[in-house]
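Here is my note on the model, point by point. Please read it with the coordinates open.

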Amino acid sequence: MRNALIRRGRRWLYVVHRWIGIATCLLFAMWFISGLVMMYVVFPRLTDGERLAALPVISWGKVQIAPDRAMAIAGMEHYPRDLRLSMMDDVPVYRVAGWNGAAVITISAIDGRVIDRIAPDQALAIAGHHPKAVRPQLLDTVTRDQWSVTARFDPLRPLYLIGLGDADGTELYVSARSGEIALDTTRQERVWNWLGSIPHWIYPTVLRKDGPLWRDVVLWISGVCLVVAVTGFWIGILRLRLMRRYASGAISPYRGWMAWHHIAGLIGGICVFTWMFSGWLSLNPGGAFSGRGVTRDIAIGYSGHDAPDIAAGFQSSPSVPAVEARFVWIGGHKLMMLDDSNGRRSLADPATGVPVTLSRDEIIAAARRAVPGAAMNSAQQLDEPDAYWYTLHNMRELPVLRTGFDDPAQTWLHISPVTGEILDRSDDSRRSYRWLFNALHSLDFPLLLRISPARDVVVWLLSTVGTIVSISGIVIGWRRLRRRPLRRRRVSPLAPIREAT
């Protein structure tokens, strides 16, 4: 009885792997090949550096509305999530964001009116300040397309699509509501992402525009592919003979494509499984991992202030040619963070424009009050990258202050020692995610990151093995599917003879 159950179990193991493998082997091949493309070309996004480079220098002489007045117009009764001043072409504007998830409110700093719509010619003028602008031209007005498909663009829609006329084929997306530059893409990004991120993430617009549906589809597909990876590796072990070899002296009973599939599957099987598993985890099934970003409680605790009070007026303009000014409180200090077009950031008094510096002790003192109900239990300065603060596709500021807290989540805050800005928040959950997703999926292990070409070489080797497994599976599956109809055609002519006899 026991042997019969084992034989039946093995039979179903082979059947499940064979037929689900035939259905999914193309997906596996696509994931391995597109993943290599994604190592070098990421999905289009607007970085802070690109955004700042496209902004003109603030005309302080035109600013008639103070930050306090702008917050009152926006209806902010508490410390805002974000309050910035920049130019919208030749008009200085405030952009105010609350903590309730509502759209950013854009307010003219000249007369205090709320701006909720801009004309196409204004969008063209905004695009004209981009450093790559040659002959800006309105290409279209889009509600949603392949590059602006995610929900984070919803508060900015519709979007003016503007071609800059440069050699790189750069296209800007400018919000028709607020005049903000939402996104930029280049011809190279658009072409390569059809071979990279779009197939890898199963990202066609028709599916991705429905976030919950897309998430469920990808979860189920990757879950089914996990079954293929596990059953395939299991079968590979069962059919492997290292000691008592087959009659031919081989360790595998297979020949040709089947042998390639068997041996490559054993060599790369663990990596195939971990890549599939980590990709599945990236969708945060069941909300297993905490969210990212600074929470309202942390921002208020760190600021030491929860009233909409920054500056009632500007006595003089800063000496720095800033393209953006962000108004904040840090440890009870009113501050203005100034960014120039090259991304250099400095601090100034928001009322007088006089440069300000924060000492390390002042930043640490502010951080002590950042996490409600928790005490700071560590504070260190990182001068070099480590396992949790490193650069791969995103630039990370160094040096950086890392402060730890004794709350149940074991929160860490990474803080700029130059401006006092909280750059990142992480906890036990996010640090687990770093190893279960980033390390297993991107192979961003500290040792591989320290040796520049090492990670690329390892990923290429493992992806090559995975591609061999996938392509051999495609060939095997195709041959099996072709063989079944042929068998039916050979047998069917005999059926009338058998019936006649």
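1. Helices here are DSSP runs of H or I with at least four residues, numbered from the N terminus. The model is predicted. Helix α9 spans residues 256-281, and F273 and F277 sit four residues apart in it, so about one helical turn separates them. A pair of aromatic rings is described by the distance of the centres and the angle of the planes. By the pairing rule, the count comes to 18 aromatic pairs. For F273 and F277, the ring centres are 6.0 Å apart and the planes are at 10 degrees, so this pair is stacked. The cut-off for stacking is under 30 degrees.

2. **Aromatic cluster.** One cluster of aromatic residues is formed by F43, W147, W194, W201, Y203 and W214.

3. **Nonpolar patch.** Which residues make the nonpolar surface patch? They are V191, W192 and L195, and the patch covers about 290 Å². L195 belongs to the loop between α5 (187-193) and α6 (197-200). Its relative accessible area is 48%, so L195 is partly exposed.

4. **Positive patch.** R8, R11, R18 and R483 form a positive surface patch. Which element gives the most to the positive patch? Helix α1, residues 2-38, does, with three residues. R8 lies in this helix. At 55% relative accessibility, R8 counts as exposed, because exposed means over 50%.

5. Side chains of opposite charge can pair when their charged atoms come close. How many salt bridges does a search of the whole structure find? The total is 20. One of them joins R84 to D82, with the closest N and O atoms 2.5 Å apart. D82 has 16% relative accessibility and counts as buried. Another joins R113 to D111, where the closest N and O atoms are 3.4 Å apart. R113 is partly exposed at 43%. D111 is partly exposed at 47%.

6. **A bridge across the sequence.** E421 and R326 meet through their side chains in a salt bridge of 2.9 Å, N to O. E421 lies in the loop between β15 (412-415) and β16 (422-426), and R326 lies in strand β9 (residues 324-330), so the pair ties together parts that are 95 residues apart in sequence. E421 and R326 are both buried.

7. **Salt-bridge network.** Salt bridges link D48, R51, D82, R84, E324, R326, D339, R345 and E421 in a network. Among them are R84 and D82, the pair with N and O atoms 2.5 Å apart. E421 and R326 also belong to the network.

8. R241 is found in the loop between α8 (211-238) and α9. With 27% relative accessibility, R241 counts as partly exposed. How far is R241 from G343, C-alpha to C-alpha? The two atoms are separated by 60 Å, and the residues are 102 apart along the chain.

Note on methods. Residues are numbered from 1 along each chain as its sequence is written. This is a predicted model: local features need pLDDT of at least 70, side-chain atom pairs count only at pLDDT 80 or more; totals for chains, interfaces and linings use all residues. Side-chain values use heavy atoms; hydrogens and water are left out. Patches are made of residues with over 30% relative accessible area and no salt bridge: like charges are joined within 9 Å, nonpolar side chains (Val, Leu, Ile, Met, Phe, Trp, Tyr) within 5 Å. Accessible areas come from the Shrake-Rupley method with a 1.4 Å probe; for residues, only the protein chains shown count as cover. A salt bridge is a side-chain nitrogen of Lys or Arg within 4 Å of a carboxyl oxygen of Asp or Glu. Lys and Arg count as positive and Asp and Glu as negative; His and the chain ends are not counted. The place of a charge is taken as NZ of Lys, CZ of Arg, CG of Asp or CD of Glu. Helices (H or I, at least four residues) and strands (E, at least two) are DSSP runs, numbered from the N terminus. Buried means under 20% relative accessible area, exposed over 50%, partly exposed in between (1.4 Å probe, protein chains only). Rings of Phe, Tyr and Trp (its six-membered ring) pair if their centres lie within 6.5 Å; planes under 30 degrees apart count as stacked, over 60 as edge-to-face and the rest as tilted.
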